[in-house]
Each structure stands twice: as structure tokens, then as C-alpha cells.
Amino acid sequence: MSKDKKRDAEKKRWQKEIYAKATERDWRFTTVSDLLIEPLYSAGDPKGFDPEKDLGFPGEYPFIRGVQPNMYRGRLWTMRQFAGFGTAADTNKRFHYLLEHGQTGLSVAFHFPTLYGYDSDSPRSRGEVGKCGVAIDSLKDMETLFDRIPLDQVTTSMTINPPAAILLAMYIAVAEKQGVSSTQIGGTVQNDMLKEFIAQKTWMFPPEPSLKLVIDIVEYCTEHVPRWNTISISGYHIREAGSTAVQELAFTVGDGIAYVQAAINRGLDVDAFAPRLSYFFNAHNDLFEEIAKYRAARRMWAKIMRDRFGSKDPRSCLLRFHTQTAGCSLTAQQPTNNVVRTTIQALAAVLGGTQSLHTNSMDETLALPTEEAVTVALRTQQILAEESGVANTIDPLGGSYFVESLTNKMEEDAWDYINRIDQMGGMLKAIEAGYPQKEIADAAYRYQRQIDSAEKTIVGVNKYVMDDEEPIPTLYIDENTEKEQIEKLKKLRSERDAVAHKKTIDALEGAARDDKNLMPFILDAVKAYATIGEICDTLRGVYGTYEDPAYF
């Protein structure tokens, strides 16, 4: 009898003679995403598993065990707390506070008007200024935001999509004012418009011109800003919209395929730009499902870049990723429980090999975080790094019967989705057909039904409920923030060089109509203190706007 058959026979014997006699809880043993979990995984799981071919070593193809050979033994992940509220001056104070308390990278949250390309004095911005992020209208605000923060010594992540080119141009201009060249700055701009159409729903233009602007940034930075991550290909918002872990994996990698193909179609060499692509994943409550997701993602991306796109540079095959703990998992009920949820999620990200991590604060389902809450969130990462021992060895769960089986299962299911998308003609066509949107909506509905029926437990919501809860302190954004921001805008417009401003705006419009790379023209406009709204309105006049079709 072969070794594999002997293992299978032993497992069946145990299930029949030992396990079958034990009393089991009345419960469906599934992941958060509803993948069924076997009672035991042992030698022989997963089937046909070849450690040499399927596992390998850290820092080597297929990178399933990590993108660096020494992982956290060399350098800990970047602790990058997402921050932004009120005015640029308010957020600058929070940045300095976080850096003083041990944060190792910056991450900017912009308010809704900036996300949609409107100035703070637009009628569409009323009541939203500074409420869910920082108000940035012009280069003047950006100068304040990074006051006394040397941009050659810190990396910055900016969560911005439709106006990504404008915010990146502002960052470059601020660095230049500090005497720091564009070749010295490092960081990430999200710049992921495909996931906006799928999940987050912040957009300005239709899909095709939106994708064109994404590749403008890739092309420009490849030549002029070589240390910048040009796209943060984001599964985070796909998961927040209600997807399963497999859907998050598949649709995010599918978006990555579309971006690489679009850049190649532009005429770029794959190994010139691919090493600066990065990913951004969610970390949900199911510890092992999330770890398996990250490991599967690395192996899938390595295969795609080598076999589909023919990359020769090993750096092009590295799936480097930032993780944020799951905002959708936080509860308004018993909010201190969110500290525990965030800890589990952060642990999954670290065990899964993340390069950068944001831990949500306990109060973020109620408001933007207070200083106390964000400090606890940052300390969560520091305790994991310094006290838990999880950073002492590389890929500590590699070779686990369960983890390897779950990793293979998630990869197999994700490939099924990607094959379907390919059959549709690619991700852009799939989005236009509403395919990923409907898949996510169906998954979100199923999960909510499971919560409503108590098939899935949410502690404090559908089980262990408390009638009387003490409220926790929350951050309040004063209404004067909007008035202050509008006054600053009026002052800016009255004091800037009107001739230089008009010249750059006219040049930008002409470049858009001539289908040129817009980054140099946006950079000129930003330096002339054109506002985000003015630049975006110019482009809306060329590209038009987009309305989401309804899918049922």
C-alpha cells in the first residue's frame, strides 16, 4: 500500500472508530465566507501537495512563504495608521502625534469632496467638509498637511482614486519645496479605479478615461518617481462591500491583470513598471481564511506575472501588500470588543506576511478615532511586533495541513472566477456587464441572512447582547471647519497669479483632448495653485461623468 493510501485509510479509521463516537456541537463549521471546514486535516492534505513545487522558500518563486527571504527578522512591517480629519492643520497635528508614538509610515484619509474631485465651497460639499477625512483643496493645504515632515525620510500612502494624479502632483510639489526631488520620495497612491466601479463607488469619469488616467500615473512615475508605488490594487473595499474572501482575492487579482495589460498596451515594458505595483487587502475575523488568502494571492500573482505576462525580473512577481483590519466587522454595540477583533485581524495579516498594516480603532464605527482609541490601535501592532513572538520566524504556519489545504482551495476557486472574467473579455467588460457587482451583492445578502438567523455569531449584536451600555468618547468635527476652509479658498483665489493659473488650466484641457499623458500638465496646474475642483471640472468637460447602472 502506498504512503498516501495508508494515510487515507488511517484517517478514515479514526473518523469511524474515534471521531464518530464524540459529541459535536450543533453548528455549521465554516469560515466567515462559508467555506466548509473538515474536522481534521492531516498528512495527505492537501491532495497531491508537493512542498518543493507548491511551497518553496521565502524570497523565491512562487513567493507563497513571503516576498523577502528574511521577512520580519530583517525589518518589521510598516505601521501605517490611516488618519485624516478637519483641516490640513488638524491632521498635521495627528500625524506628528502618531509619529511621536512609534508609527513608521503615514497614511492619508481625504474627506468625501476631495475623493470625488470637488472643492470645499462646492454645493456638493456642504455638510461634508472635514467630516470623514482631511479637506485638501489646493497645494496650499498640502503644504500645511506635511509641515515639518521630511518627505525624504517617511513614506506616505494616499487613499485617493479619481483625482489620484492631482494629489500625487501636490505631493511631488511639496517635496520640491522641501528640496526633495521626485526620485527621492517613496509611498503609494491608491489609484485603483476598477475597484471603484466594482465596490467603493467614488468616481468622476466613465471606465475607459478613468483607466487611461491610472496608466498615465504608471507611465509618469516609471520614469520620474521610481520609488513610488503607482497603484495599490485594492481588495479592501471589495470585501467591505460584502464579498467573500475568495471573491476579494479573485476580483482584486483580476483588476491587477487588467492594469498590467493596459500598461503593456500603452507600450510600457512589463519589468519597467510591475515592480512598483502593490496590493491592499482586508483582514477579516476568520484567522486562517485570511492567512490562506494572502498566501494564495502571492502564489497566483507570481504565476500570472511569469507565465501570462512573461516578466523576467523576479521583482515583478512579488505581490507586496498593505493590510487594513476590517471596518465592516466593527460594531457600534459593545465597541470595546472591537479591540479584540482588530487584534485577531492584525495577527492574521502578520502571519500572512503583510508589508504594511493599519489597525482600526475601536470607535471607528461611530466616528473618526480619538487620540486614545488610535493609540490603542497602534499599540496593538507594537505588542504583536515586540511581545507576541510572531515575528521571530518566517511563515510560521507554512506546511500546516489545514493552512495549505485552505490556501489551495482558495486559489482554485479564485482561478475559476478569473477564467470566467477572461471569457467575458477582461475585467472592464465584466464590470460593464455588472458581473463582479452582482456576485458581491449576492454574497453580502447571504452573509446578512446568516447573521439575522444567528447562524453566524456577532458578539454583542445577535448573541451576548447587553441592554445598558456606557457610551464611549467620540471625536466631533466642529461646523466651523467648513467655514474656515471656504475662507482659505477665497483667499487663495484672490492672491494667486491669475494669468499663470489660466494658462495651466487651458494647457491641461488641450492635453486631455489630444490624449496626452496628463501628469506633467496637472503638475503645472497644481504649482499654479489650481484647486482640485477646478482641475477636475476641466477634465469632466472633456471626459464627461459616470452614473452607475442599476443591476438586479
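Which residue in β5 does Ser 157 stand opposite? Ser 157 stands opposite Thr 188.

This is a predicted model, in which local features need pLDDT of at least 70, side-chain atom pairs count only at pLDDT 80 or more, and totals for chains, interfaces and linings use all residues. Residues are numbered from 1 along each chain as its sequence is written, and side-chain values use heavy atoms, with hydrogens and water left out.

Helices (H or I, at least four residues) and strands (E, at least two) are DSSP runs, numbered from the N terminus. Two strands pair if DSSP finds at least two bridges between them.

| Strand pair | Bridges | Residue pair |
|---|---|---|
| β4 (156-159) and β5 (187-189) | three bridges | Ser 157 and Thr 188 |
| β8 (277-283) and β9 | five bridges | Ala 283 and Thr 325 |
| β7 and β8 | four bridges | Ser 234 and Phe 280 |

Five of the five residues of β9 (residues 321-325) are buried, where buried means under 20% relative accessible area, exposed over 50%, and partly exposed in between (1.4 Å probe, protein chains only). In a regular strand, side chains alternate between the two faces of the sheet. Both faces of β9 are covered, with Phe 321, Thr 323 and Thr 325 buried on one side and His 322 and Gln 324 buried on the other.

**Two glutamates in loops**

Glu 60 is in the loop between α2 (51-55) and β1 (78-79). Glu 60 counts as partly exposed because its relative accessibility is 46%. Its C-alpha atom is separated by 9.7 Å from that of Cys 317, 257 residues apart along the chain.

Glu 470 belongs to the loop between α17 (435-452) and α18 (480-495). With 71% relative accessibility, Glu 470 counts as exposed.
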